[in-house]
Amino acid sequence: MNIALLTAGGTGTRMHQDIPKQFLHVKNKPILIYTLEAFERHPSIDAIIVVGLERWIDIIWAYAKQFNITKLKWVVSGGNTGHESIRNGLLELEKHCDISDVVMIHDGNRPMISPDIISDSLAKQKEFGSAVAVIPCVEVVFKSKDGQSSTINIPRDELLRTQTPHTYELGKLLWAHRESDRLGISNTVASCDLMCRLGETVYFSKGSERNLKITTVEDIEIFTSLLDYRKEEGLK
C-alpha cells in the first residue's frame, strides 16, 4: 500500500495571517485541499493521513467531505516541531498498516505537486529504497557568517535543493525516529536530514520549480499565477 503523509501543522507566522497558511483560501479553496486533491487523483496512492493542528482536525475532516477526498483515512494532531509531527503520523500508521507499506511524506502547503513527481518518487523508492525530490541549484551560493559579506562561494554544480515528497517504507521511517530518540537527535528539518544524520544514503527523485512551498504572501501570488496558467493550458 502507498500512503501519503501530509504535514499541515504550521502556524503560518511568516504569512502574518489570522489562520494557518495551509487553510488560506485561493480561488475559493483551501491550499491544503489542492494538495489533497493531487494525491486523491493519483492512481498509485491508496490512502492519505494528515498531521495537523489539533484545533483544526474537525475542519480538515469537514473540508475532505466537502471536496470529496475519499482517500483520507486518518487525521492526527502534530507536535511542537515538524520532526515530532511526522513521528506522530508514523505512530498512527503503525497501528493500521504493514511496515512494508510505502509512506510518501509531503508538505501540505506544497499544492502544485504533479502526477509525474509522485510517480517518479514511488519508482525511485522501489528501485533504491528511498526517494527525496530535488531540483538543481541554478543560483550562485555564498557561505557567510554574518549575513552581510563573504569571500566563499560553493560550486553550484555540486548542490541540489530538496523538496518533498520524501518516500520510504514505513518500517524504515519508524526505525529512523526511534534511533533519533535513542541518540538524542531532535527537531530535524526533514526526513532526509534525519536519514543523513543516521548515516543513510539519500537517493533522489524528480522535483520541479513549480512544486513550491507556500510560506509567504509572495508565494500565494506565484501559486495563483500557476493556477491561472494551468487553467489556460487545460492542465489538471
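Is Tyr 203 buried, exposed or partly exposed? At 33% relative accessibility, Tyr 203 comes out as partly exposed, where buried means under 20% relative accessible area, exposed means over 50%, and partly exposed is in between (1.4 Å probe, protein chains only). Keep in mind that this is a predicted model: local features need pLDDT of at least 70, side-chain atom pairs count only at pLDDT 80 or more, and totals for chains, interfaces and linings use all residues. Residues are numbered from 1 along each chain as its sequence is written, and side-chain values use heavy atoms, with hydrogens and water left out.

**Aromatic pairs**

- Searching the whole structure turns up 3 aromatic pairs; rings of Phe, Tyr and Trp (its six-membered ring) pair if their centres lie within 6.5 Å, with planes under 30 degrees apart called stacked, over 60 edge-to-face and the rest tilted.
- One of them is Tyr 34 with Phe 223, an edge-to-face pair at 5.1 Å centre to centre and 90 degrees between the planes.
- That pair ties together distant parts of the chain, since Tyr 34 sits in helix 1 (residues 31-41) and Phe 223 in helix 7 (residues 217-233), 189 residues apart. Helices here are DSSP runs (H or I, at least four residues), strands likewise (E, at least two), numbered from the N terminus.
- Tyr 34 is buried at 9% relative accessibility, and Phe 223 is buried at 0%.
- Phe 128 and Tyr 203 make a stacked pair, because their ring centres are 4.8 Å apart and their planes are at 5 degrees.
- This pair also links distant parts of the chain: Phe 128 belongs to helix 4 (residues 115-128), while Tyr 203 is in the loop between helix 6 (191-197) and strand 9 (204-206), 75 residues apart.
- Phe 128 is partly exposed, with a relative accessible area of 37%.

**Helix 3 against helix 5**

- Helix 3 (residues 82-96) and helix 5 (residues 170-183) pack at about 130 degrees with their axes 10 Å apart; axes are lines fitted to C-alpha atoms, for helices over the stretch in contact, and angles run from 0 to 180 degrees between N-to-C directions.
- Helix 3 and helix 5 are therefore oblique to each other, given that under 35 degrees is roughly parallel, over 145 roughly antiparallel, 65 to 115 roughly perpendicular and the rest oblique.
- On the helix 3 side, the contact (heavy atoms within 4.5 Å) includes His 83, Ile 86 and Arg 87, and on the helix 5 side the residues include Leu 170, Leu 173 and His 177.
- By class, the helix 3 and helix 5 contact has 7 nonpolar, 3 polar and 4 charged residues. Nonpolar covers Ala, Val, Leu, Ile, Met, Phe, Trp, Tyr, Cys and Pro, charged covers Asp, Glu, Lys and Arg, and the others, Gly among them, are polar.

**Glu 92**

- Glu 92 lies in helix 3 and is buried, with a relative accessible area of 16%.
- Leaving out residues up to four places away in sequence, Glu 92 touches Ile 49, Trp 74 and Val 76.
- Glu 92 and Leu 170 are 78 residues apart in sequence and 11 Å apart in space, C-alpha to C-alpha.

- A cis peptide bond joins Thr 164 and Pro 165, with omega about 20 degrees, and Pro 165 is in strand 8 (residues 160-169).
- Asn 68 isn't a glycine, yet its phi is positive, near 60 degrees. Asn 68 is in the loop between helix 2 (57-66) and strand 3 (72-77) and is exposed at 54%.
- Asn 187 also has a positive phi, about 55 degrees, without being a glycine. Asn 187 is in the loop between helix 5 and helix 6 and is partly exposed at 46%.
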